[in-house]
Amino acid sequence: MNALDERHIPRTEVKSDPATFETRDEDADFAILTADGARLFVHKIILQHTSPIFATLFSLPQPSEPGHSQTTLVDAEKDGVPTVAVTETKTVWDIMLQLLYHQSTPDFSSPYEIRPILEAARKYELECITERLAHILSCSTHTATWDPLEVYAISALYSLSDVALQAARATLGTPLHTLCTKELYDIPAYIFQRLLDYRWRCSEAAHGVAGFVRDATGKLSKRIEWLPRTDFAFFQCDCGVSTLLCSVRAGTAYEVYCARGYWKEYMERAERAVRERPIGKVVKDPEIIMPALRAADNCMLCRQRVYLDMTAFAECLEAAVDKAVSSVCC
């Protein structure tokens, strides 16, 4: 058994009938001897149609054929059944055979348990199993509770690009300095570097939506093309002395507003937040939006409208950030 098999044996039992493959039925014409001594009876036709490796094996002269010496691939005939020894455990082969025969979904408790199955599927070129496991990794019912960084590491390691991108996006809600998983010890550094590069580009995209620009004179300004309306209190009211020049696209032209100071401060907090966690929902965090609501309480007009206006604006900002980040490729 190799090191990978020893360290990545699934810790949960697969829900299946243990006699399904250990007991030979009358049609089984091949046996697999696992690393832990189990003998599983299978059908050549299924293996050769799903695995090019087994298809090649079965095309070679077998030891039972007159005039041919025993091959090194098929070890022996036991009880009249050709048998091959493999380096994987019974647990791994039980899961693979379930997927091949019954198309059932094993009860994995974490993506950590999927890795040895992916390794075996790659070894025997079982693309149908790889596709099923990719679906399990990307399934929302699992990724809602599974560590997305762990899913990313495994998916990237086995070239499951679509799953890796989905998992990379799911890591954006976690600050970079807290990201850690045991799977990072086993992946090449370039795989994690690609994730870091992806996060940086997502942060840049999010900053492009929430951030300000500084003109030649050093003054801050904001240009918005994603806002569907402009009748917000912080654009219309003339209270306060701290303002920010803001141009909002309305149809084919831009309308210029002097945004109130509390809105500017809200945008600055939102900008810092999406730098660290480039996902839209952070702009609605109470710690970011509540100071603006309290500041607006100093104006009679603003205090009457600011809650609904800031809530509506934050919804638009969230959607714009998510749209910008979704366009970033991993």
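Guide: The model shown is predicted, and the questions below concern the reasons for several descriptions.

Visitor: Why is Asp 27 called exposed?
Guide: Its relative accessible area is 53%. The word exposed requires over 50%, so Asp 27 is exposed. Asp 27 is placed in the loop between helix H2 (19-22) and strand E1 (30-33).

Visitor: What makes the patch formed by Asp 25, Glu 26, Asp 27 and Asp 29 negative?
Guide: Asp and Glu count as negative. The surface patch consists of Asp 25, Glu 26, Asp 27 and Asp 29, and therefore it is called negative.

Visitor: How do you know that E1 and E4 pair?
Guide: Pairing requires at least two bridges. E1 and E4 have 3 bridges, in the parallel sense, and so they pair. Strand E4 (residues 81-85) is mostly covered, with 4 of its 5 residues buried.

Visitor: Why is Glu 125 called partly exposed?
Guide: Buried means under 20% and exposed means over 50%, with partly exposed in between. Glu 125 has a relative accessible area of 38%, so it is partly exposed. Glu 125 lies in the loop between helix H6 (115-123) and helix H7 (127-138), and its phi is near 55°, a positive value in a residue other than glycine.

Visitor: What makes Ser 159 count as exposed?
Guide: Its relative accessibility is 64%. The cut-off is over 50%, and therefore Ser 159 counts as exposed. Ser 159 is found in the loop between helix H9 (148-157) and helix H10 (161-170), with a positive phi near 60°.

Methods. Residues numbered from 1 in each chain as written. Predicted model: local features only at pLDDT ≥ 70, side-chain atom pairs only at ≥ 80, totals over all residues. Heavy atoms only, no water. Patch = residues over 30% accessible without salt bridge, like charges linked within 9 Å, V, L, I, M, F, W, Y side chains within 5 Å. Areas by Shrake-Rupley, 256 points an atom, 1.4 Å probe, with all protein chains shown as cover. Salt bridge = Lys/Arg side-chain N within 4 Å of Asp/Glu carboxyl O. Charge placed at Lys NZ, Arg CZ, Asp CG, Glu CD. Helix = DSSP H or I, 4+ residues; strand = E, 2+ residues; numbered from the N terminus. Buried < 20%, exposed > 50% of the residue type's maximum accessible area, 1.4 Å probe, protein only.
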